[in-house]
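Walk through this model with the viewer open.

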Amino acid sequence: MINKVVSGAEEAIKDISDGATLMLGGFGLCGIPENCINALVNKQVKNLTCISNNAGVDDFGIGLMLKQRQVKKMISSYVGENAEFERQLLSGELEVDLIPQGTLATRCLAAGYGMPAIFTPAGVGTEIAEGKEVRNFDGKDYLMEYAFDADYAIVKAWKGDTAGNLIFRSTSRNFNPVMAMAGKITIAEVEELVEAGELDPDYIHTPGIYVHRIFQGKDYEKRIEQRTVRKSEG
Amino acid sequence: MFSKEEIAQRIAKEIKDGYYVNLGIGIPTLVANYIPKGINVVLQSENGLLGMGPFPFEGEEDADLINAGKQTITTLPGSSIFDSAMSFGMIRAQKVDLTILGAMEVSENGDIANWKIPGKMVKGMGGAMDLVASAKNIIVAMQHVNKAGESKLLPKCTLPLTGVKCIKKIVTELAVLDVLPEGGFKLLERAPGVSIEFIQQSTAGKLIVEGEIPEMRLD
């Protein structure tokens, strides 16, 4: 087996330089690559284009990179939880491409499946359709959207092995597997790294061929954005 | 006039046995509390879950298990988890029977706007554009007028659109209305104590009133 293991986040991101295009997994703060984000903040790389469904919150996740003005452009579907993001966007300091969530996911999928473009009805007749090719299939209009072209995909998994195979847990799966397939270089941080052979091949979500660097992360905060509970019965 | 809870309760009556349902953020989320007893419904959360259960008991929250509103939730027997591409794949392929979402504006031809107020508010469309472009059946849950007292049911949307000609039914604190394929809001029911005249005054788009308009019932 090819060994994909690196020592940690610093080594995993060491060649990411100013101007790079990054995909970052996660939905809200769920399943975000915390270790790599912190390493990118410490490294202070700038002019990044970040493809991520959300932009973190003001003091966690991608929000930390925004605060330091490391991000030139965000490609996201929903940014409602981040006041600093909204401020930079409305003031024109930050370039933002808001795209439908399904389009975002499927443009990742297309990249990982080796397909140059997809056709989706999402956004037909709206301002996001401006300048895009529209094709009609069976009487319905679809927008042509291109596969993403990202230098790096950075994902977080629950378990991984030294060969780069990944297993995700619960809804922290979200964008992680599709982004893992879509990077020219894919970096995976995992909560538990095991030897090749310890994970059942039938239960692998992302095959190691898509993963170039893997390491066991540490000190996961796993912050909860909206803690909602019900009272115990009796 | 209906409360938000009552709007949700009225919408829940539209849910049929065997439906897969996607609930948006806000009033739509409340609909889950009123699904009629004895019918089997599966809630889809577009971050990658079918079979969304209630909030966890205190102390049992799991940061890895949230819904599309980023709230901690639980799974149910028979739940399944998948990635974001598959989630929108099942939406695009019309496997989801009913979508319930909020809106800032709906036009009389069924256009919806709910993601952006230019220069003021930009939160993004999230999954709304995908949902409205593909859903077989969409119900909008919203207030009839905005905070400034202006009607949200318009001849034409003024805000950037989320989708065109896609909304079929609207439930507000005042009324239940169908959006007709040929255009216009057809008044079906009115909230208890609300007059047709008041609904007319609160509706900027074309309101169609035919025959007796019964009061909404929640039982």
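Contact here means heavy atoms within 4.5 Å. With that cut-off, A111(A) touches A147(A), F148(A), M181(A) and A182(A), not counting residues up to four places away in sequence. This is a predicted model, in which local features need pLDDT of at least 70, side-chain atom pairs count only at pLDDT 80 or more, and totals for chains, interfaces and linings use all residues. Residues are numbered from 1 along each chain as its sequence is written, chains are lettered from A and ligands numbered from 1 in the order in which they are written, and side-chain values use heavy atoms, with hydrogens and water left out.

Stay with A111(A). It lies in helix α5 (residues 101-113) of chain A. Helices (H or I, at least four residues) and strands (E, at least two) are DSSP runs, numbered from the N terminus. Is A111(A) buried or partly exposed? Buried means under 20% relative accessible area, exposed over 50%, and partly exposed in between (1.4 Å probe, protein chains only). A111(A) has a relative accessible area of 24%, so it counts as partly exposed. L89(A) is 22 residues away in sequence, and the two C-alpha atoms are 27 Å apart.

Now find E84(A), in helix α4 (residues 83-90) of chain A. Leaving out residues up to four places away in sequence, E84(A) touches D58(A) and R69(A). I2(A) is 82 residues from E84(A) along the chain, and 42 Å separates their C-alpha atoms.

Next comes backbone geometry. N47(A) is not a glycine, yet its phi is positive, near 55°. It sits in the loop between α2 (34-43) and β2 (48-51) of chain A. N47(A) is partly exposed, at 43% relative accessible area. N174(A) is another non-glycine residue with positive phi, about 30°. Its loop runs between β9 (166-167) and α6 (176-180) of chain A. N174(A) is buried, with a relative accessible area of 0%.

Look back at helix α2(A). It is mostly covered, with 7 of its 10 residues buried. These are E34(A), N35(A), C36(A), I37(A), A39(A), L40(A) and V41(A). What covers them includes α1 (9-12), β1 (21-24), α3 (62-67), β8 (150-161), β10 (183-194) and β11 (213-216) of chain A. After α2(A) comes Q44(A), with a positive phi near 60°.

Cross to chain B. In helix α1 (residues 4-12), the buried residues are I7(B), A8(B), R10(B), I11(B) and A12(B). They pack against α2 (27-30), β5 (98-101), β10 (138-141), β12 (169-171), β13 (175-179) and β14 (185-190) of chain B.

S87(B) is in helix α3 of chain B. Its relative accessible area is 0%, so S87(B) is buried. Its side chain reaches the backbone oxygen of E46(B) at 2.9 Å. Setting aside neighbours within four places in sequence, S87(B) is in contact with residues including Q44(B), N47(B) and F82(B).

In soluble globular proteins, nonpolar side chains tend to be buried together. A nonpolar core is a set of buried Ala, Val, Leu, Ile, Met, Phe, Trp, Tyr and Cys residues joined through side-chain atoms within 4.5 Å. The largest core here has 49 residues, of which I100(B), V140(B), I167(B) and I170(B) touch the most other members. A second, separate core of 44 residues includes A20(A), M65(A), I187(A) and F215(A).

Finish at the interface. There, 48 residues of chain B are in contact with 52 residues of chain A. Buried area is the accessible area (1.4 Å probe) that two parts lose on being put together, summed over both. Between chain B and chain A this is about 4,300 Å², with carbon and sulfur atoms giving 58%. In chain B, F57(B), D64(B) and K70(B) lose the most area to chain A, together 18% of what that side buries.

How many salt bridges link chain B and chain A? A salt bridge is a side-chain nitrogen of Lys or Arg within 4 Å of a carboxyl oxygen of Asp or Glu. The count is 6. One pairs R169(A) with D64(B), the closest N and O atoms being 2.7 Å apart.

How values were computed. Polar contact = N/O pair within 3.5 Å; in protein donor to acceptor, adjacent residues only side chain to side chain.
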